[in-house]
Amino acid sequence: MGELHRNLIDGEWVGGDAIPNINPSDTGDVVGEYARASKADTEAAIAAAKAALPSWSRSGLLERHAILRKASDEILARKDELGRLLAREEGKTLPEAIGETVRAAQIFDFFAGEALRLSGETITSIRPGVTVDVTREAVGVVGVITPWNFPIAIPAWKIAPALCYGNTVVFKPADLVPGCAWAIVDILHRAGLPKGVLNLVMGKGSVVGQTMLDSSDINAITFTGSTETGKRVALASVEHMRKVQLEMGGKNPLVVLDDADLKVAVECAVNGAFFSTGQRCTASSRLIVQEGIHDQFVGALTERLKSLTVDNALKSGTDIGPVVNETQLAQDEKYIAIGRDEGARLVFGGERLNRETPGFYLQPALFTETTNQMRIAREEIFGPVACVIRVKDYDEALAVANDTPFGLSSGICTTSLKYATHYKRNAQSGMVMVNLPTAGVDFHVPFGGRKGSSYGPREQGRYAAEFYTTVKTAYTY
């Protein structure tokens, strides 16, 4: 059995019942034992956050800056160690995992700086002799609920702004990946956060998450996960009139026009659709290809897929690691079967693979002869599965790209300034990529989508203030 890692509640490490954290690249490898919080534990964490709020929300800017900067420095200094932990528990390749860890450090560094840039404005009133101050204040106790696919970056981009703007936090990570969550909380705790400001409650969504949703003492919830669960978070929050920020699913298109640079288009497709085992809400699972380049593109993409190595995430030379667990692997296989039944042609992959260590390995799957009405083109699979949709021209490509219940990220590969400009303006998504993978975003600019992909204010960068603060207007005579 691995080392026991406990929950952090009101500045104390507590917890009893625990479950093993299993490595999807090697199911015999236990990353560690992680405590599961009960309803009572979660209620205690919420109470601690509420009690800590008055002091922390009025804390000095230098104190917040120093703590966030110290956390950033430690994460960066330990990037190889933490990256290895991430790769072991989630299945990302080691280079991807280290890159995500560096991103987490950059996020904390950015918000350390933002803590020193908190500002408002003074406006002259329309009434003589009256001044108006517009300021931002902490929204209150923030519930943070994160997914398993980015176990250190997503917690960072939610917790860092929450603390920067003076909120207190109750943090529930995904049950599958408690390791990185525990590490980041431990780092912040040792960086000097007062007790109760940040509380970690690991465990089941049906217990921990539901207790958070039921609490009238949580003033805002930021959630990343499935659309179905996101809707439940929103509905449960209406009763308490709390602020909600939801980042949910995606079925992102990558348009490839006849004039595209073939090599660029193939690399965009491989990176966007298959890296990180396709387990990204920004993954380009719909490849919308103009008929003039279609056959060349499919041939080149298939050859590129043949060159990729699927293996243990920690092994040097691995391009794609395992699927996160058996449940997700079974879902991927279900959709591959659905695609075949719908009449799509599986031109590459789709089979389970055996490797030196027992794990959840899947050969990336590529479908052709698909339509945008097929389930594999409508529903989020969240795995290394992509479908190619043939279109006759740009207008049809744009129409197909926008014909989706989601709207997170959208991409186009073209050498035409005309089409690139038109697509950026008319793609119905929160983010647009030109000659870049649909997955992969900067930490200092807004992140979020439209339609069924997002609800509420944007995440990341200076736009994070829209969710993590509330505006106050004060008049003085």
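Helices H1 (residues 39-57) and H7 (residues 205-214) have axes that come within 9 Å and cross at roughly 40°. That angle makes H1 oblique to H7, where under 35 degrees counts as roughly parallel, over 145 as roughly antiparallel, 65 to 115 as roughly perpendicular and the rest as oblique. Keep in mind that this is a predicted model, with local features needing pLDDT of at least 70, side-chain atom pairs counted only at pLDDT 80 or more, and totals for chains, interfaces and linings using all residues. Numbering runs from 1 along each chain as its sequence is written, and side-chain values use heavy atoms, with hydrogens and water left out.

**Helix pairs**

- Helices here are DSSP runs of H or I with at least four residues, strands are E runs of at least two, and numbering goes from the N terminus.
- Axes are lines fitted to C-alpha atoms, for helices over the stretch in contact, and angles between N-to-C directions run from 0 to 180 degrees.
- H1 crosses H7 in the right-handed sense, meaning the near helix is turned clockwise from the far one by less than a right angle.
- On the H1 side, Lys39, Thr42, Glu43 and Ile46 meet Val207, Val208, Thr211 and Met212 of H7, with contact taken as heavy atoms within 4.5 Å.
- Sorted by class, the H1 and H7 contact has 4 nonpolar, 2 polar and 2 charged residues (Ala, Val, Leu, Ile, Met, Phe, Trp, Tyr, Cys and Pro are nonpolar, Asp, Glu, Lys and Arg charged, and the others, Gly among them, polar).
- H3 (residues 79-90) and H6 (residues 178-190) have axes that come within 8 Å and cross at roughly 150°, so H3 is roughly antiparallel to H6.
- Leu82, Leu85, Leu86 and Glu89 of H3 touch Pro178, Gly179, Cys180, Ala183 and Ile187 of H6, a contact with 7 nonpolar, 1 polar and 1 charged residues.

**Cavities**

- There are 3 cavities of 30 Å³ or more, a cavity being a set of points on a 1 Å grid over the protein atoms alone where a 1.4 Å probe fits but cannot get out.
- Grid points are joined across faces, edges and corners, and volume is the space filled by probe spheres set on them.
- The largest cavity holds about 70 Å³, and its lining residues (an atom within 4 Å of a point) include Lys251, Arg280, Glu380 and Phe382.
- That lining divides into 4 nonpolar, 4 polar and 3 charged residues.
- The second largest cavity has about 60 Å³ and 14 lining residues, with Pro253, Phe406, Gly407, Gln428 and Ser429 nearest its centre.
- Helix H13 (394-402), strand S20 (406-407) and strand S21 (409-413) each give two or more residues to this second lining.

Notes:
On a 1 Å grid over the protein atoms alone, a cavity is a set of points where a 1.4 Å probe fits but cannot get out, and a pocket is an open set with protein on both sides within 12 Å along at least five of seven lines; lining residues have an atom within 4 Å of a point.
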